[in-house]
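User: Hi! I'm new to this one and would like a quick tour. Could you take a look with me?
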Amino acid sequence: MNGETMSARQNADRLQAPALLSVQDLSVTYSSGSISALESVSLTVHEGEIVALLGVNGAGKTTLLRAISGLLGLHGGAIRAGSIRYRSADISSSSSWSRVRQGISISLEGRRIFGDLSVVDNLKAGGYTTSRAGTAKALEQVMELFPVLGRKRDLAAGLLSGGEQQMLAVGRALMQGPRLLLLDEPSLGLAPLIVKQIMEIVRDINAGGCSVLLIEQNVTAALSVANYAYVLDSRRVEHHGSAAALLADDTLRDLYLGVAAPTAPRGAENGALR
Ligand SMILES: Nc1ncnc2c1ncn2[C@@H]1O[C@H](COP(=O)(O)OP(=O)(O)OP(=O)(O)O)[C@@H](O)[C@H]1O
Ligand SMILES: [Mg+2]
């Protein structure tokens, strides 16, 4: 199968899967409306997908994740227009707590772990919505996914390396057994080998049945695991398409992605790049 056919196939498959998350024409402001952070943004994550959210600093990526997880208010932000539907229901006015219960988990930018608490206590703190038995099972699963966290379970989390702390942050978000995982720059500041490891774990999480919306500055890493990607620029979605189509678009690569031309055979230009 050549690249073009594969890309077209990927997009057709994408449209056939049911939408898990659907953001429609979303506009968000901060500081009582004086700062516009998103303007008429639309994005879909289908069941089973890994979708990458790319874009320069300040484009609005974290804001979009805050809106989806219900954390906007905490940061002085508000939805001005548009809707956020999860499993067909409009969740834009439900609490962050209820969204977690419905299966939406977020791992925030900048790790945000409790440095004085042990690794295992950090993980348990992430399982706050589940029963004791549920927490024990989730702990077991997270430690299977991240063996290093099992080996260092009693160590103060502040003593973990940067990569291990990032794994802890992702592991904590998994403690609620999410159906949709929102990841804000999980590879930030990590060495290439660890980035690769984290992306492999993202793939494993996805193979376990969890859809992922992944913010990444490391475009190559993100597009190596994502099947679809959106590029935000100045508060708007400027481009979207299959990962293969984005990588094959010369202008996009130069303008936004800052990555080298793909070594795989070209030919995905007819993918659903809009
Ligand atoms: N709490 C806040 N109050 C006011 N303005 C904010 C707040 N948080 C973000 N902004 C503004 O909203 C815009 C989008 O910020 P956001 O953090 O969503 O960007 P980003 O794409 O995640 O950037 P980065 O790649 O640097 O993390 C920026 O102009 C930022 O200054
Ligand atoms: Mg951000």
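User: What pLDDT does the chain average?
Analyst: This is a predicted model, and the chain averages a pLDDT of 88. A score of at least 70 is reached by 87% of the residues.
User: Where is the pLDDT below 50?
Analyst: That happens over residues 264-274. In the model this stretch still has 29 contacts beyond near neighbours in sequence. Where pLDDT is low, though, the predicted coordinates should not be read in detail.
User: Got it. How many helices and strands does the chain have?
Analyst: There are 11 helices and 10 strands. Of the 274 residues in the chain, 49% are buried.
User: Let's pick a helix. What is the reach of α5?
Analyst: Helix α5 covers residues 132-145, which is 14 residues. From first C-alpha to last, α5 reaches 20 Å, close to the expected 20 Å.
User: And which residues of α5 are buried?
Analyst: T135, A138, L139, V142 and M143 are. Looking down the axis of α5, the buried residues fall within an arc of 130°, so they line one face of the helix.
User: Why would residues spaced like that point the same way?
Analyst: An α-helix has 3.6 residues a turn, so residues three or four places apart point the same way.
User: Nice. What covers the buried residues of α5?
Analyst: The cover includes α4 (119-126), α6 (147-151) and α7 (162-174).
User: Which residues are exposed on the other side of α5?
Analyst: Those are A133, K137, E140 and E144.
User: Last one: what is the accessible surface of the chain?
Analyst: It comes to about 12500 Å², and 51% of that belongs to carbon and sulfur atoms.

Terms used
Residues numbered from 1 in each chain as written. Chains lettered and ligands numbered in written order. Predicted model: local features only at pLDDT ≥ 70, side-chain atom pairs only at ≥ 80, totals over all residues. Heavy atoms only, no water. pLDDT = per-residue confidence, 0-100. Contact = heavy atoms within 4.5 Å. Helix = DSSP H or I, 4+ residues; strand = E, 2+ residues; numbered from the N terminus. Expected span 1.5 Å × (residues − 1). Buried < 20%, exposed > 50% of the residue type's maximum accessible area, 1.4 Å probe, protein only. Arc of directions from axis to C-beta. Areas by Shrake-Rupley, 256 points an atom, 1.4 Å probe, with all protein chains shown as cover.
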